[in-house]
Amino acid sequence: MSEPSASPAGHGPDRPVSAGEPPVVAGVRTTRRRGRTSAAKRDALASLLPRWGIDARGPWPDAVHDATRRPGPVALDIGVGDGAASLAWARARPDLVVVAIELHRPGLAKLLQALEREGPQNVRVAEADATEVVRSCAPGSIHAIRLLFPDPWPKRRHVGRRIVDRTFVAAAADALGPGGELHLATDWDDYAEHARSMIATERRFEALRPVDRVDRPVTVYEARGIAAGRSITELVHRRRR
């Protein structure tokens, strides 16, 4: 993604929260919601979050199973934008419950509208701080964690704001069950090297053979990176058994 924000996996600059926005249904507010939200999208958030949202305070993953009435494995998709890649993941893996975690309210509204139109039923939405969600997961309870094009924070003074740090990596290793995968895609070479170095500090992860590209839709931020001439790096690490 080419534009940094103040969210762990956000998509634009902070802005004041409008008093006309609906209350948070799923998750604890830890950053401001970003992006201009039309009246139609505000209506979608107010009416559809109760149906498709889950309470990000957990307990995880019990809250997911309670909301979906599905006992299957849970996957966390962090910073999903409008959710197109999350929906594709859920359709390709009907055995999973995919939890789309996002704080960008216009993108959340688009995802909720798509879910209401066509499903699939194995998706739930958490309007939440992803780092808090990962830390809240019961040990070994999560099947996969994916971050597609998180904020790169390319300026040196902002590197500490990147979501992938030693604390996040350790929490991901705690949350993932044996054989579970941590998958990150980025269009910033510096972020790829940073992520590699952070993940390398966690001995419970082993790197899988590099892939050219994991099969999924091209996200908006991926397309922008490609248009700008940046290469895409896919990092996939497996939780050791």
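Ile145 touches Leu76, Ile78, Val134, Phe168, Ala172, Leu176, Glu181, Leu182 and His183, leaving aside residues up to four places away in sequence; contact here means heavy atoms within 4.5 Å. Together with Trp60 and Leu76, Ile145 touches the most other members of the largest nonpolar core, which has 36 residues. This is a predicted model, in which local features need pLDDT of at least 70 and side-chain atom pairs count only at pLDDT 80 or more, while totals for chains, interfaces and linings use all residues. Residues are numbered from 1 along each chain as its sequence is written, and side-chain values use heavy atoms, with hydrogens and water left out.

**Nonpolar cores**

- A nonpolar core is a set of buried Ala, Val, Leu, Ile, Met, Phe, Trp, Tyr and Cys residues joined through side-chain atoms within 4.5 Å.
- Buried stands for under 20% relative accessible area, exposed for over 50%, and partly exposed for values in between (1.4 Å probe, protein chains only).
- In the core of 36 residues, the members that touch the most others are Trp60, Leu76 and Ile145.
- At least two residues of this core come from each of β1, β2 (97–101), α5 (130–136), β4, α6, β5 and α7; helices (H or I, at least four residues) and strands (E, at least two) are DSSP runs, numbered from the N terminus.
- Helix α6 gives the most to this core, with six residues.
- Another core lies apart from it and has 22 residues, among them Val80, Ala100, Ala109 and Val125.

**Helix α6**

- Helix α6 spans residues 166–175, and its buried residues include Phe168, Val169, Ala171, Ala172, Ala173 and Ala175.
- At the start of α6, a side-chain oxygen of Asp165 comes to within 3.2 Å of the backbone nitrogen of Thr167.

**Strand pairing around β7**

- Strand β7 (residues 233–239) has six of its seven residues buried, so it is largely enclosed by the rest of the structure.
- Strand β5 (residues 176–186) pairs with β7 in the antiparallel sense over six bridges; strands pair if DSSP finds at least two bridges between them.
- β6 and β7 also run antiparallel, joined by three bridges.
- Arg238 in β7 is the bridge partner of Glu181, and Arg238 is likewise the bridge partner of Glu206.

**Salt bridges**

- The count comes to 16 salt bridges, each defined as a side-chain nitrogen of Lys or Arg within 4 Å of a carboxyl oxygen of Asp or Glu.
- Arg204 and Asp174 form one of them, at 2.7 Å from N to O.
- Arg204 sits in the loop between α7 (189–199) and β6 (205–207) and Asp174 in helix α6, so this pair ties together parts that are 30 residues apart in sequence.
- Arg204 is partly exposed at 25% relative accessibility, and Asp174 is partly exposed at 40%.
- Arg216 and Glu222 also meet in a salt bridge, at 2.7 Å from N to O, and both residues are buried.
- Salt bridges with shared partners join Asp174, Glu202 and Arg204 into one network.
- Within helix α7, Arg196 and Glu193 are three residues apart, which puts about one helical turn between them, and their side chains form a salt bridge at 2.4 Å from N to O.
- Arg196 is partly exposed at 35% relative accessibility, as is Glu193 at 48%.

**Backbone features to check in the viewer**

- Trp60 and Pro61 are joined by a cis peptide bond with omega of about -5°, and Pro61 lies in the loop between α1 (39–52) and α2 (62–68).
- A cis peptide bond also joins Gly119 and Pro120, with omega of about 5°; Pro120 lies in the loop between α4 (105–118) and β3 (123–126).
- Arg69, a residue other than glycine, has a positive phi near 60°, lies in the loop between α2 and β1 (74–78) and is exposed at 77% relative accessibility.
- Trp153 is not a glycine either, yet its phi is positive at about 40°; Trp153 is found in the loop between β4 (142–148) and α6 and is buried at 5% relative accessibility.

Notes
A polar contact is a pair of N or O atoms within 3.5 Å; within protein, one must be able to donate a hydrogen and the other to accept it, and residues adjacent in sequence count only if both atoms are side-chain atoms.
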